[in-house]
Structures are given as C-alpha cells and as structure tokens.
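Here is a walk through a structure that may be new to you. Have a look at it first, and then we'll go through it piece by piece.

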Amino acid sequence: MTRPEIEATILDIIRTVFNLTKTPPPTTKRIDLPQWDSLRHIDLILSLEEAFQVEFNAEEVAAMDSVQSIVELVLERSRAP
Amino acid sequence: MRHNIVLDGFAFRLRPVHDDDADFIVAMRNTERARYLHKGATSREQQITWLQDYYGRHGDYYFVVESRIDGLPKGLIALYDFNASRNDALWGRWIVDSKSLCATESVWLIHRVAFEIFNLDSDYSLTAAGNASVISFHDACGYQIKITHPRYYTLEGDYHDAIEHRLLRSQWPAIDQKLRQKAYVIYRKLLGVPACPTPQQNSKHSNASH
C-alpha cells in the first residue's frame, strides 16, 4: 500500500470506530477527538491490526496519539522484512 | 480508611494507598490530566496529612493501580461515599499514567471491588461535564444510566455540571465481560505475546484478597 492509501484506510477506521459523522483530517491528534478515549483506543488498535495484518506491541499502542503517528508505524511495519 | 483489599487483575492490581505513595499521589494530581479533580496536596507533607485524615475516614477505599509486571504505581482510583440505603458507592479520584495503558483495567477492577467484594447494588461515577474524554470513556463502557446534575460542584470557584454514569448489578455481567476482554488485550501486549481468547472469571490470573 502507498502512504496515501494507508492514511485513507486509517482515517476510515477512525471514523468508523469513533462513530464520527465525517472523516477527520490527516492532521488529527488524539487530543482533538474526545471520542478517542482509552477504551475506544483498544478498539482502534484491534481494527488497525485486522486491516493491516500486523500486531502492535504495548509501546506502539501507547505511542499512537495521532493519525500521522499511526501512518508512520504502519509504514515502518510494511517496510520490515 | 486503612484497608487491606488487594485485587489482582491481569497486568495490574489494586492495592491500598499508604504514606510511601505520597510523592506519587502529588505528582499524579498536579498534572494537566488532573485538571478536573479537586486541587489536592502540592507537597509530600500536605499529602501525608491528607492521608492521615483519610485513614480515619470510614467507608473510603483509596487504591493505587499497580503494575503486576514491574511493581510500579501507574494510577489512582477510589471507592467511597457508600450509601447503605441504596447499597451503592461512588468511584472516582481516578487518574492514570496514559502511557501505562492501565485505564481500562483499573475501571474493571474498581467495579469488581464494588460488586464482588462489597456486593453493592450499583456503583457510579461523577465526571465534570467538560471532561469530554472521560465522559466518552464511560459512554464507551456501555453504562445505561447517565444523568446530568446541573451546577453540581465547584472547581476553583466555578460551578460545573456533573455527569453521573451508574452501573447496576444487573448490568454488570455484560460490562464485566467487555472490560475484561479489553484488559486482556492490553495484558497480552504488555507481555509481548500474541493475542488469544480471554480467560473467564475465576481464572488464576485474577484473584482478590482482603
């Protein structure tokens, strides 16, 4: 997947998991969305793992505090052997 | 009050607060995350004075959320304001290190204290209406009773509405399952092992002592 495709997928997952009426901008951070609470964060992680067929570790889960941080993480994983 | 309730979850446990936790409590309650809590002690000495008063307060159970993996404190939570006629209690003073990922399990455990140890008919939380992320968390838990209390309390001279989320015993099994599952996901990640089915109640991973 290309970066734009990854970003679009992540934004769609965020919109779905947090039940948003519209897709948030790519610059969205966790603090921008009240719906991005600790419980829904776990749902987000599980949806991302399913979509990208990866498993994130605890440090990565804790560090996911923005759309771009998630994009970078998924990109990194996609480059990994 | 002084108590000896210890409740083990998966990655975290609830254990009694004591004087050695004073520095941790001050640090947690003087962060930005604590802006919706009442101003607390700003020094170790003030906190220990508060704890001395707390130890003598019947029906007030303050816990440290402690990691079972590294033994370090990761948050605070309490169950207090027991009402005998309603057989309920308030849980709050909730503040956690977000990087620890203990939030979900800490709430699961405090509900277990309420329902499994104290056999309450319900427990509830009161959240400042402006604390959107915590309200969102409570909404996500699935509590079916949500009440707004206008101008319920003051913080630094300003009135704030409070949002009550109440969990009835009859609804607890479903919430228990939901929070247990989520806590287990985090537990497996903290251990660095792949996901697997969530253990059910009374597994060896989870026990209470008091």
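Chain B exposes about 9,600 Å², and carbon and sulfur atoms supply 49% of that area. Areas like this come from the Shrake-Rupley method with a 1.4 Å probe, and for residues only the protein chains shown count as cover. Chain A has an accessible surface of about 4,300 Å², with 52% of it belonging to carbon and sulfur atoms.

Before going on, a word on where the values come from. This is a predicted model, in which local features need pLDDT of at least 70 and side-chain atom pairs count only at pLDDT 80 or more, while totals for chains, interfaces and linings use all residues. Residues are numbered from 1 along each chain as its sequence is written, chains are lettered from A and ligands numbered from 1 in the order in which they are written, and side-chain values use heavy atoms, with hydrogens and water left out.

Now for the build of chain B. You'll find 5 helices and 9 strands in it, where helices (H or I, at least four residues) and strands (E, at least two) are DSSP runs numbered from the N terminus. Start at the N terminus and the order is β-β-α-α-β-β-β-α-β-α-β-β-α-β. The radius of gyration of chain B is 17 Å, close to the 17 Å that the globule rule gives for 210 residues, so chain B is as compact as a globular protein of that length. That radius is taken over C-alpha atoms, and the rule is 2.2 Å times the number of residues to the power 0.38. Along the principal axes, the C-alpha atoms of chain B fill a box of roughly 50 × 35 × 30 Å.

How much of chain B is buried? Of its 210 residues, 52% are, with buried meaning under 20% relative accessible area, exposed over 50% and partly exposed in between (1.4 Å probe, protein chains only). Helix 1 (residues 22-29) of chain B is mostly covered, with 6 of its 8 residues buried. Those are A22(B), F24(B), I25(B), V26(B), M28(B) and R29(B). They pack against helix 2 (44-55), strand 3 (61-67), strand 4 (73-83) and strand 5 (88-96) of chain B. Contact here means heavy atoms within 4.5 Å. Across chain B, 62% of the contacts with a separation of 6 or more are between residues 24 or more positions apart.

Chain A is built from 4 helices and 0 strands, running α-α-α-α from the N terminus on. Its radius of gyration is 12 Å, close to the 12 Å that the globule rule gives for 81 residues, so chain A is as compact as a globular protein of that length. Its C-alpha atoms fill a box of roughly 35 × 25 × 20 Å along the principal axes. Buried residues make up 46% of the 81 residues in chain A.
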